[in-house]
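Trainee: I am new to this structure and would like to go through the words used to describe it. Please show it to me before we start.

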Amino acid sequence: MHESLTIEQAAVLLEQGQVVVIPTETVYGLGACINNEAAIQMIYRLKGRPSYNPLIVHIAGASAIQSVARDIPDEAYRLAEAFWPGPLTLVLPKQAWVSPLITAGGSTVAVRVPDHPVTLQLLQRLSFGIAAPSANPSNYISPTSSDDVRRMLPVLADNILEGGRCAKGIESTVVGFENGQVVVYRHGALSAEQIEAALQTTVRDAAEPESAKPSPGMMGRHYSPRTKLIMSRNIQKDVLTYPDSRLGILSLTNEYHADNIVRNVRLSPSGNLEEAAHHLFAAMHLLDSLQLDMILAEWMPGEGLGVAINDRLQRAAAL
Ligand code: TXA
Ligand code: MG
């Protein structure tokens with residue numbers, strides 16, 4: 001059994017240039033001081049993350065936004081006002097001093113205020129922001145509990161700040177601003193509909209798996225279990241296509257029965273997409289531990305958080 005760090009211990013480790021696992025409302029993050037390039041490089045090394053994929057800067061509140069970003073459009077302030085602390089990441093022109101290691105050499109920086117009491121206290125205690133990607137090996141399933149992190153990145157077992165199970169369970173929605181238009185780069189725990197309602201305008205979707213990729217993290221395969229995963233519009237039929245395979249099923253509400261189904265995880269028996277997002281990665285971790293031949297995942301309704309869930313499932317299924 002590993003002891004969790006206290007907030008004070010986590011703060012001191014970050015000040016000393018160490019990497020610390022932090023809880024957020026979306027997924028656990030692998031955090032480092034934004035002013036310490038050696039610590040930031042350690043994040044890339046620990047994750048095996050390609051250097052062209054930039055990191056999100058976590059700050060204590062919207063008032064700190066100008067310390068990392070400049071030329072901030074009015075829509076960004078309105079979204080920050082409406083949704084921070086919360087699962088919304090804003091991509092903005094960076095301040096000159098922000099390390100190119102954080103932005104992958106680009107001129108923009110991604111920033112958000114996480115909605116987790118422990119990490120908010122930590123950020124308030126620190127005199128700097130925390131750069132943090134999700135705390136999983138690159139391309140693998142994101143962690144929604146500290147146990148997930150311990151299993152995937154055991155070297156970090158002593159550097160974890162415990163925060164319980166992540167309430168949202170799916171990453172933040174990443175949004176940018178191009179020529180006066182709001183653009184979604186990654187679907188996440190805040191739905192496009194919620195953003196449109198707050199701004200009273202339509203947003204452009206640049207996050208479709210097959211569209212051009214303005215956001216480096218949005219290429220093909222990602223969020224993937226080791227087990228082969230296939231998306232299905234008709235599970236009952238597809239189950240019959242693989243009679244000799246040990247199958248896992250990831251469905252929203254339906255329960256399927258067949259001799260070759262080892263486990264059927266229902267993400268939300270009542271069909272609630274927030275609940276489904278909350279359970280998604282834990283369900284993928286579970287199914288991936290059962291030595292199955294294949295996971296069949298049901299398409300979610302293409303609205304609200306169903307869009308973000310389908311996005312993660314499609315990337316998990318990508319070859
Ligand atoms: O919910 C979350 O966002 C979690 C928690 C820990 O905050 N973090 C997270 O980080 O998911 P990561 O590194 O796994 O994903 C960050 C995403 C990637 O798709 C990356 O390409 C995009 O944000 N991103 C970061 N900086 C960007 C930038 N300057 N321009 C466009 N996209 C950016
Ligand atoms: Mg990630």
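Mentor: Start with handedness: a crossing is left-handed if the near helix is turned anticlockwise from the far one by less than a right angle, and right-handed if clockwise. Helices (H or I, at least four residues) and strands (E, at least two) are DSSP runs, numbered from the N terminus. The crossing of α10 and α11 is left-handed. This is a predicted model, in which local features need pLDDT of at least 70, side-chain atom pairs count only at pLDDT 80 or more, and totals for chains, interfaces and linings use all residues. Residues are numbered from 1 along each chain as written, chains are lettered from A and ligands numbered from 1 in written order, and side-chain values use heavy atoms, without hydrogens and water.

Trainee: Why is α10 called roughly parallel to α11?

Mentor: The axes of α10 (residues 273-288) and α11 (residues 306-317) cross at roughly 20° and come within 9 Å. Axes are lines fitted to C-alpha atoms, for helices over the stretch in contact, and angles run from 0 to 180 degrees between N-to-C directions. Angles under 35 degrees count as roughly parallel, over 145 as roughly antiparallel, 65 to 115 as roughly perpendicular and the rest as oblique. Therefore α10 is roughly parallel to α11.

Trainee: Which residues in α10 and α11 meet?

Mentor: Contact means heavy atoms within 4.5 Å. Leu273, Ala276, Ala277, Leu280, Phe281 and Met284 in α10 meet Gly306, Ile309, Arg312, Leu313 and Ala316 in α11. By class, this contact has 9 nonpolar, 1 polar and 1 charged residues. Ala, Val, Leu, Ile, Met, Phe, Trp, Tyr, Cys and Pro count as nonpolar, Asp, Glu, Lys and Arg as charged, and the others, Gly among them, as polar.

Trainee: How many cavities of 30 Å³ or more does the structure hold?

Mentor: The structure holds 1. On a 1 Å grid over the protein atoms alone, a cavity is a set of points where a 1.4 Å probe fits but cannot get out; lining residues have an atom within 4 Å of a point. Grid points are joined across faces, edges and corners, and a volume is the space filled by probe spheres set on the points. The largest cavity has about 50 Å³ of space. Its lining includes Thr173, His187, Glu193 and Val307, and α8 (192-199) and α11 each supply at least two residues of that lining.

Conventions
1 Å grid on protein atoms, 1.4 Å probe; cavity = no way out; pocket = protein on both sides within 12 Å on 5 of 7 lines; lining within 4 Å.
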